[in-house]
Amino acid sequence: MKEAIASIFVFGWIDLLNPVSVSMVMLLLPLVRQRWHVLLYIGGAYVAYSIASIAIYFGVDKYLSALYRQMLVQHPFGMSVCKVAIGLIALAGCLFMIRFLWRSIQEKRELNMEKMLMIKSVAPWFIVALSFGSTWSNMFGAIAMFAYIGVLMQNSIHIATAIWLIPLFCLFSVVPTMTVYLLSTRVTGERFQKIMGYIRKGMTAFCLYSIPILLGIVSWWGLSSGIPGIL
């Protein structure tokens with residue numbers, strides 16, 4: 001039990017290093033109708049992260065893996081076609097992003113997410129949906145969370161105890177986003193706007209340059225594993 005609680009702080013600090021959630025908050029700040037709406041994203045992301053972590057602890061990922069393997073055995077050709085389709089779509093998206101970024105570099109255009117999305121404001125319901133969608137899509141990169149669940153299983157922590165320990169661990173993921181939100185409400189003036197501008201620019205560039213890399217990986221997986229099944 002002591003090791004499980006101590007590990008919260010050990011792996012929790014690692015979990016702070018998640019640029020995706022911070023990037024989303026930076027993106028939402030100038031788009032929300034009211035500033036407190038950003039809390040809907042932060043709260044939604046925390047709930048989504050906790051639910052997914054508890055589900056993984058109970059082995060939902062193992063059931064999904066078993067279902068995936070079963071589909072490969074029962075419908076090998078259809079699964080191969082789906083993989084190739086996913087690979088081709090990802091490849092098209094990857095090439096589009098590379099072309100877009102290359103043109104931006106040549107024309108020295110500023111990478112501004114708000115202007116590219118052409119969105120002036122976002123509704124609260126969309127913010128909540130975005131919080132769940134972005135969090136769940138980013139779960140594969142939650143290395144610290146998987147490591148912490150491994151500690152819980154290794155120490156044979158009772159299920160009832162794990163249900164409150166995991167949400168406690170997930171609180172660390174809220175720290176970076178809440179820090180950005182509190183800074184935006186407490187600090188004002190030209191200096192703060194300048195700092196936020198630099199951070200937003202850096203986060204935007206990080207996200208945009210990461211997209212073709214991720215799409216390239218998905219494309220390679222889909223085509224390399226799907227084409228042999230069709231042939």
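Predicted model: local features only at pLDDT ≥ 70, side-chain atom pairs only at ≥ 80, totals over all residues.

Author: Read from the N terminus, the elements go α-α-α-α-α-α-α-α-α-α-α. Of the 231 residues, 38% count as buried.

Reader: What makes a residue in H8 count as buried, and which ones do?

Author: The cut-off is under 20% relative accessible area. In H8, Ala144, Met145, Tyr148, Ile149, Val151 and Leu152 are buried, so each of them falls under that value.

Reader: How do you know that they sit on the same side of H8?

Author: They cover an arc of only 155° around the axis, and that puts them on the same side of H8. In general, an α-helix has 3.6 residues a turn, so residues three or four places apart point the same way.

Reader: And what does the face turned away from the buried side of H8 carry?

Author: Ile143 and Gln154, both exposed. Exposed here means over 50% relative accessible area.

Reader: How do you know that the span of H8 agrees with what a helix of 12 residues should give?

Author: At 1.5 Å a residue, H8 (residues 143-154) should span 16 Å, and its end C-alpha atoms are 17 Å apart, which agrees. After H8 comes Ser156, with a positive phi near 50°.

Reader: Why are H3 and H10 called roughly antiparallel?

Author: Their axes cross at roughly 175°. Angles over 145 degrees count as roughly antiparallel, and therefore H3 and H10 get that name. The axes of H3 (residues 38-57) and H10 (residues 174-186) come within 10 Å.

Reader: Which residues meet there, and what makes the contact nonpolar, polar or charged?

Author: From H3 there are Val38, Leu39, Ile42 and Tyr46, and they meet Val174, Thr177, Met178 and Tyr181 of H10. These residues divide into 7 nonpolar, 1 polar and no charged. Val, Leu, Ile, Met and Tyr are among the nonpolar types.

Reader: Last one: how much of the contact in the chain joins residues at least 24 apart?

Author: Among contacts between residues at least 6 apart in sequence, 86% do.

Definitions and conventions:
Residues numbered from 1 in each chain as written. Heavy atoms only, no water. Helix = DSSP H or I, 4+ residues; strand = E, 2+ residues; numbered from the N terminus. Expected span 1.5 Å × (residues − 1). Buried < 20%, exposed > 50% of the residue type's maximum accessible area, 1.4 Å probe, protein only. Arc of directions from axis to C-beta. Axes fitted to C-alpha atoms, helices over the stretch in contact; angles between N-to-C directions. Parallel < 35°, antiparallel > 145°, perpendicular 65-115°, else oblique. Contact = heavy atoms within 4.5 Å.
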